[in-house]
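Student: I'd like a close look at one part of this model, the ligand site, and then whatever packing you can tell me about elsewhere. Could you walk me through it?

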Amino acid sequence: MLIKRRAGWEMPEREATPEGVFLNRRQLIGAGLIAAAGLPQAAAAQTPDLYPARRNEAYKLDVPLTAEDDAANYNNFYEFGMSKDIVDASRRLATKPWTVQVEGLVEKPFEIDFDELLRKLPLEERLYRFRCVEAWAMAVPWTGIPLKSFVALAKPLSGAKYIRFETFLNPRVAPGQGQRWYPWPYTEGLTIAEATNELPLLVTGIYGKPLPTQHGAPIRLITPWKYGFKSVKSIRKISFVAERPKTFWEGLQASEYGFWANVNPAVPHPRWSQASEQVLGSRDRRPTLIYNGYGEQVAGLYKGLEGERLFM
Ligand SMILES: Nc1nc2c(c(=O)[nH]1)N[C@H]1C(S)=C(S)[C@@H](COP(=O)(O)O)O[C@H]1N2
Ligand SMILES: [Mo]
């Protein structure tokens, strides 16, 4: 039933161990099996008139752009199964209408319709590198709203020190969420200082089009200097909080995945090296860069935090 086609450039499993491999694979096989029919297909893509958005030329790549098909067919989205092949399963997620709830330490909590958000804050396109903790990497054009503009819209109170992002929760649509040993819903977090850095984007599109479901439609985070698991998909709730939030992967395996998760080739994962990365869609490996090449923009965020586990 679970037949896996492997393209020539894909890594054998022994080279890049998925995040979840410490769990018993036999327990997990069900996550990949999608119940037939019975639920509506995803609605049509949102607000296509806003794409392609103007490209912000300040963000340049020194590596080749990944082919759209390669990025679109090799995904991590555990809600829809543990394999990289979750495109069809993810289409069960209805992304219209979609609202984002903003709560916690803000002047006035609110809930905003996704389409309305897009009319409020301008979109831009940026070419970013992307590095998964499993040691595969890509470079793609994301379209999105700079997170710092969203933070300004939310008007956090001075007591807000962190932002917590939460994905949808609906095990009827996302069979992976029926697996009780995962701490669903998927959550992630950033400090306010990180969130108001220029780099993080609330991404709503890729390759000049609205985000397809497998990439986390209709809205997901992208933090290009951090391992990919920080880039939480299909965000429903954004909370401004005083304490550091516990993240999904930390909740699952804190000895291997932490809050900071900054890319660093010199700090190996407990089970594999992070020194180099497999280029998606190619046979090439290349050296991994500290902060995934974005040190100039983000290294200053971590002054005084040297005692923290910044690179896992
Ligand atoms: N909700 C949710 N967000 C998620 C994940 C997930 O399983 N669920 N996987 C993360 C991981 S490990 C990676 S590498 C990226 C993959 O993003 P992509 O499939 O768009 O390339 O999404 C991240 N965001
Ligand atoms: Mo990842």
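Tutor: Let's start at ligand 1: 19 residues are around it, and Tyr78, Glu79, His215, Ser231 and Lys233 come nearest (near means that a heavy atom of the residue lies within 4 Å of the molecule). Keep in mind that this is a predicted model, where local features need pLDDT of at least 70 and side-chain atom pairs count only at pLDDT 80 or more, while totals for chains, interfaces and linings use all residues. Residues are numbered from 1 along each chain as its sequence is written, chains are lettered from A and ligands numbered from 1 in the order in which they are written, and side-chain values use heavy atoms, with hydrogens and water left out.

Now the atom pairs at the ligand. A backbone N or O atom of Tyr78 sits 2.7 Å from an oxygen atom of ligand 1, and a backbone N or O atom of Asn76 is 3.3 Å from a nitrogen atom of ligand 1. Glu79 brings a polar side-chain atom to 2.8 Å from a nitrogen atom of ligand 1. On its own, ligand 1 has 540 Å² of accessible area, and the protein covers 100% of that (Shrake-Rupley method, 1.4 Å probe).

On to the packing. The largest nonpolar core has 81 residues, and Phe80, Trp142, Leu147, Phe165, Leu202 and Phe240 touch the most other members. Such a core is a set of buried Ala, Val, Leu, Ile, Met, Phe, Trp, Tyr and Cys residues joined through side-chain atoms within 4.5 Å, with buried meaning under 20% relative accessible area (1.4 Å probe, protein chains only).

Phe240 is a handy one to follow. Leaving aside neighbours within four places in sequence, Phe240 is in contact (heavy atoms within 4.5 Å) with residues including Val102, Val151, Ala154 and Ile192. Ile192 belongs to helix α6 (residues 192-195), a DSSP run of H or I with at least four residues, and counts as buried because its relative accessibility is 17%. The C-alpha atoms of Ile192 and Val151 are 8.6 Å apart, although 41 residues separate the two along the chain.

Val151 takes us to helix α5 (residues 147-154), whose buried residues are Leu147, Phe150, Val151 and Ala154. These cover an arc of only 100° around the axis, so they sit on the same side of α5; the arc is that of the directions from the helix axis to the C-beta atoms. Just after α5, Lys155 takes a positive phi of about 50°.

How values were computed
Helix = DSSP H or I, 4+ residues; strand = E, 2+ residues; numbered from the N terminus. Buried < 20%, exposed > 50% of the residue type's maximum accessible area, 1.4 Å probe, protein only. Polar contact = N/O pair within 3.5 Å; in protein donor to acceptor, adjacent residues only side chain to side chain.
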